[in-house]
Amino acid sequence: MSLGKIVALLIAATLLVAVPWIIGNEFYVNMASQVLIYALFALSINMMLGFGGMVSLGHAAYLGIAGYACILLTVAGYDQLTAAILAVALSTLAAAFFGVLSLRAPGLGFIMITLALGQIVWGVAYRANELTGGDNGIRHPARPMPFGLDIRDAPSFYYFTLVVFLIALFFIWRFARSPFGASLMGTRDQPRRMRMLGHNPWLIQLITFVMAGFWGSVASILYVYYNLFLSPHALSLQQSAEILLMAILGGASSLTGPIVGAAIITLVKNVVSTYVERWNTLLGAIFVIVILFMPYGIVPGCKQLWRRVQNWRKPEAKIAASEPAE
């Protein structure tokens, strides 16, 4: 890793730790927590999208399965840790089942199956009034106290979310840089060649699907802890589409792209919307501008722009160096 990247990581880590002191206002500290939660959602779907080329429109289903399971298990008397672990395990098993069904059809068929599965989960949550509260939703009793720490106030919950997010980011980064990640990208680009080399593209995609479901389930638990409430609206098609667009907007080909996309969309929805009545139009305009001028997303587009600036400045530097001094 180059010195510049190390310095950038240290600066980013310092800023993340200092967010509660920099912002101060409790509302915006809560907003920072929400950005981290959606960033983890976007990173999880990007494991399929950016590295595997699999477009899913049902990723919010894990929010419903893990979220409702966590709340119901806690209400049933399980301790917070056990409820969270069982909820994530159940949601991950559901991801494995969804993956087996979805990977039966490539391309458009895959998209439609994930959409249908997401809508089935939404329909169950909407209709099962006695279990999920239907359209009224259900409340989570209280936030947990990990290692005896009280995370009920905004700064404490932010740091709790930040720790979980950084752990997830590390594992997703290792996934992207691992031989398995390379085989996944090979399966995305040349499935026939990977099959000839002895790999099993279907199994590689299924494992990726399950891993994406696992991290999406972890983000779902954080979402429930943040809101202390869950309703079918949280796992609607709109939610799945927004998570997908977060990864696309920031740049699905990069690890930091989904984080940037999550920050932009979350802030536009929750902050800009208080000042701009037609914030949906503004968000649509942002997408159009990014797609026109940065078709691979904001982060890859900014990197490409920076390289162009550097290449433009190099000839000038060479000319200045070649001129004789007076």
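**A polar contact and its surroundings**

Mentor: In this predicted model, the side chains of glutamine 34 and tyrosine 226 are joined by a polar contact of 3.3 Å. Glutamine 34 is part of helix H2. Its relative accessible area is 13%; the cut-off for a buried residue is under 20%, so glutamine 34 counts as buried. Apart from neighbours within four places in sequence, glutamine 34 is in contact with Tyr226, Thr266 and Asn270.

Helix H2 itself covers residues 26-52. The largest nonpolar core of the model has 83 residues, and helix H2 supplies the largest share of this core, 15 residues. The residues with the most contacts inside the core are Leu40, Phe41, Phe98, Ile221, Tyr223 and Leu230.

When neighbours within four places in sequence are left aside, tyrosine 223 is in contact with Ile37, Tyr38, Phe41, Leu63, Phe229, Leu230, Ala234 and Gln239. Two of these partners, Phe41 and Leu230, are also named among the residues with the most contacts inside the core.

Another partner of tyrosine 223, Leu63, is one of the buried residues of helix H3. This helix runs over residues 61-75, and its length can be checked: at 1.5 Å a residue, its 15 residues should span 21 Å, and its end C-alpha atoms are 21 Å apart, so the two values agree. Twelve of the 15 residues of H3 are buried, which means that the helix is largely enclosed by the rest of the structure. Among these buried residues are Ala61, Tyr62, Gly64, Ile65, Tyr68, Cys70 and Thr74. After H3 comes glycine 77, which has a positive phi, near 115°.

The chain has 14 helices and two strands, and 45% of its 326 residues count as buried. Of the contacts between residues at least 6 apart in sequence, 75% join residues at least 24 apart. The C-alpha trace spans about 85 × 55 × 40 Å along its principal axes. A compact globule with 326 residues would have a radius of gyration near 20 Å; the chain has 22 Å, which agrees. Its accessible surface comes to about 17,500 Å², and carbon and sulfur atoms account for 68% of that area.

Terms used:
Residues are numbered from 1 along each chain as its sequence is written. This is a predicted model: local features need pLDDT of at least 70, side-chain atom pairs count only at pLDDT 80 or more; totals for chains, interfaces and linings use all residues. Side-chain values use heavy atoms; hydrogens and water are left out. A nonpolar core is a set of buried Ala, Val, Leu, Ile, Met, Phe, Trp, Tyr and Cys residues joined through side-chain atoms within 4.5 Å. Buried means under 20% relative accessible area, exposed over 50%, partly exposed in between (1.4 Å probe, protein chains only). Helices (H or I, at least four residues) and strands (E, at least two) are DSSP runs, numbered from the N terminus. Contact means heavy atoms within 4.5 Å. The expected span of a helix is 1.5 Å times one less than its number of residues. The radius of gyration is taken over C-alpha atoms; the globule rule is 2.2 Å times the number of residues to the power 0.38. Accessible areas come from the Shrake-Rupley method with a 1.4 Å probe; for residues, only the protein chains shown count as cover. A polar contact is a pair of N or O atoms within 3.5 Å; within protein, one must be able to donate a hydrogen and the other to accept it, and residues adjacent in sequence count only if both atoms are side-chain atoms.
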